[in-house]
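Subject: Structure handover

Hello,

Here is the structure for you to look at. My notes on what was found follow below it.

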Amino acid sequence: MCLLVDERSSCSSDGNLYRAIDEVAEAVKQQLQGRRIDFCQLFVSTAHKSNLGHAPACLQDKLFKDVAEGSRSRPVILGGALQSVSANGRMISNGPGVSLLAASLPGVQLLPFHVKEPALPSFTAEQWKELLQRPSTSTDGSSSSSSSSSDAQQQNAAILLSSPHFVDVEKFLLRLSAALPGMPMVGGVTERGAWVESEHDFGALFCNQDVYAGGAVGCIMRGPLSMQQVLVPGCRTAGAVMTVTEAAGNVIFALDDRPVHDSFVTLVHSLPQQDQKRELLLGLCDPGAAAAAGHAGSRDFVARRVSLMPTAYSRPVLVVATHEVPVGTRVRLLMRDNAFNQQQQQAEFAALAARLPAADSRLGVLSYGCVALPLEEQPDAAACFLPQVPSAGGRMQGEFAGTLQPPAAVLQDGSAAAAAAGAWPGVAQLHSFAASYAILQHSSTAPSSEM
């Protein structure tokens, strides 16, 4: 069978950016053994900031100097500047580092883009038409399609990277999720850091040979592949789920029809002393999400920093580090717990390794961990449990992933059965203090949701 997803990865700590890119490019070329490279994920640490603007062009020159510019044989390059980069379980922190993952993806259409505003990417009408075609679900739960059987195997997946100053990234995630419901989407917010001649504290985003200081870059993949998300929160829950009953913007006045002081502060004081000393955050869950039940877990909520502040009328309020918290939002107290995150990562990947063909060359892992999680202190869970699977990524300022359950409004495409089975990736959101992974694989190797 033709290798439909074939990935290789490498990283280098060479202090010279050009030598480092030569090193990782040569490594993946040898590993792929002459197969055409269709997609590259390139991360460069901010220690290389004086040359960041040359990184993607340097990679293209190394890998594809004999391929004409504009040719379809040239791969899509996506990436940016991070504080720390990783590949195959090796993390390079606080120093020069380059991480490269290269993939051969025959039969997969790649649509790269750069956006400055939270508007949908400017694809052609024909490209949007293809992206919007998806298998329908029959009454017995099996997949069917109004088009040919080959179309039924065409799946969408997306990788997205945002600059640290793209304040509308959450609106963009929501719009892209609404336009292509059910599409798994992973990535994160890149690092601040000046580059080239800029004196501003912008980030650097790579899209093909271009480097951008703002907005977001991404790539939508469509073809015979699947992307399975693994979202591991760095917080655990405390107390019951509450409902925002009075709010304005990002300020919460009342929870469950009780003043914030009576509800939130009482809950905090009821925690054990050791938990009260942890960093406490507020988890937010969309008003229409199915995860609003009282037993919802921490991964069903988006963690946000929160402050209890007095007002001029001696009425304490909760100020949430997000743009808006509408009335009806479900909230839950979350506690930062790095040990919990490590245990959950190990459990997730141990279960995944038990049902994935680890030696299958069609597998690859993309990893995006929060800079606040001590991922470099312990071996990467993906590399430990899937040692033969190429993996690459880095440390993010925020992580993109879907919550497990979708709002009911986006279940109109017939995916209710998939959602009930836990296969639905959920609406993509910006998470904090989390580890987000994506396992790319040919659809025939995807593990059963019953396992």
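**Around Ser-162**

Leaving aside neighbours within four places in sequence, Ser-162 is in contact with Val-169, Gly-188, Val-189, Thr-190, Leu-205, Gly-215, Ala-216 and Phe-400. Contact means heavy atoms within 4.5 Å. Ser-162 lies in strand β10 (residues 155-162). Its relative accessibility is 0%, so Ser-162 counts as buried. Buried means under 20% relative accessible area, exposed over 50%, and partly exposed in between (1.4 Å probe, protein chains only). Helices (H or I, at least four residues) and strands (E, at least two) are DSSP runs, numbered from the N terminus.

**Ground rules**

This is a predicted model: local features need pLDDT of at least 70, side-chain atom pairs count only at pLDDT 80 or more, and totals for chains, interfaces and linings use all residues. Residues are numbered from 1 along each chain as its sequence is written, and side-chain values use heavy atoms, with hydrogens and water left out.

**The sheet**

Six strands form an open sheet with mixed pairing. Their order is β5-β4-β25-β24-β28-β15. At the edges are β5 (90-93) and β15 (226-233), each pairing on one side only. Two strands pair if DSSP finds at least two bridges between them. On average, neighbouring strands of this sheet are turned by 15° against each other, direction ignored.

β15 pairs with β28 (residues 434-441) in the antiparallel sense, over eight bridges. Within β28, Leu-440 is the bridge partner of Met-227. Helix α7 (residues 338-355) packs on the sheet and touches β15 and β28. The direction of α7 makes about 155° with that of β15. Axes are lines fitted to C-alpha atoms, for helices over the stretch in contact, and angles run from 0 to 180 degrees between N-to-C directions.

**Helix α5**

Val-265 sits in helix α5 (residues 260-269). Val-265 counts as buried because its relative accessibility is 12%. Not counting residues up to four places away in sequence, Val-265 touches Val-260 and Leu-308. Leu-308 is 43 residues from Val-265 along the chain, with 8.8 Å between their C-alpha atoms.

Val-260, Ser-263, Phe-264, Val-265, Leu-267 and Val-268 are buried in α5. Seen down the axis of α5, the buried residues fall within an arc of 170°, so they line one face of the helix. The arc is that of the directions from the helix axis to the C-beta atoms.

**Aromatic pairs**

The structure holds five aromatic pairs. Rings of Phe, Tyr and Trp (its six-membered ring) pair if their centres lie within 6.5 Å; planes under 30 degrees apart count as stacked, over 60 as edge-to-face and the rest as tilted. Phe-113 and Phe-172 have ring centres 6.0 Å apart and planes at 55°, so this pair is tilted. The pair links distant parts of the chain: Phe-113 is in strand β7 (residues 109-115) and Phe-172 in helix α4 (residues 169-179), 59 residues apart. Both are buried.

Phe-123 and Trp-128 also form a tilted pair, 5.4 Å centre to centre with 45° between the planes. Phe-123 and Trp-128 are buried. Ring pairs link Phe-113, Phe-123, Trp-128 and Phe-172 into a cluster.

**Nonpolar cores**

The largest nonpolar core has 31 residues. A nonpolar core is a set of buried Ala, Val, Leu, Ile, Met, Phe, Trp, Tyr and Cys residues joined through side-chain atoms within 4.5 Å. Phe-39, Leu-110, Ile-159, Leu-161, Met-221 and Tyr-368 touch the most other members. A second, separate core of 25 residues includes Leu-59, Leu-63, Ala-81 and Val-211.

Best wishes
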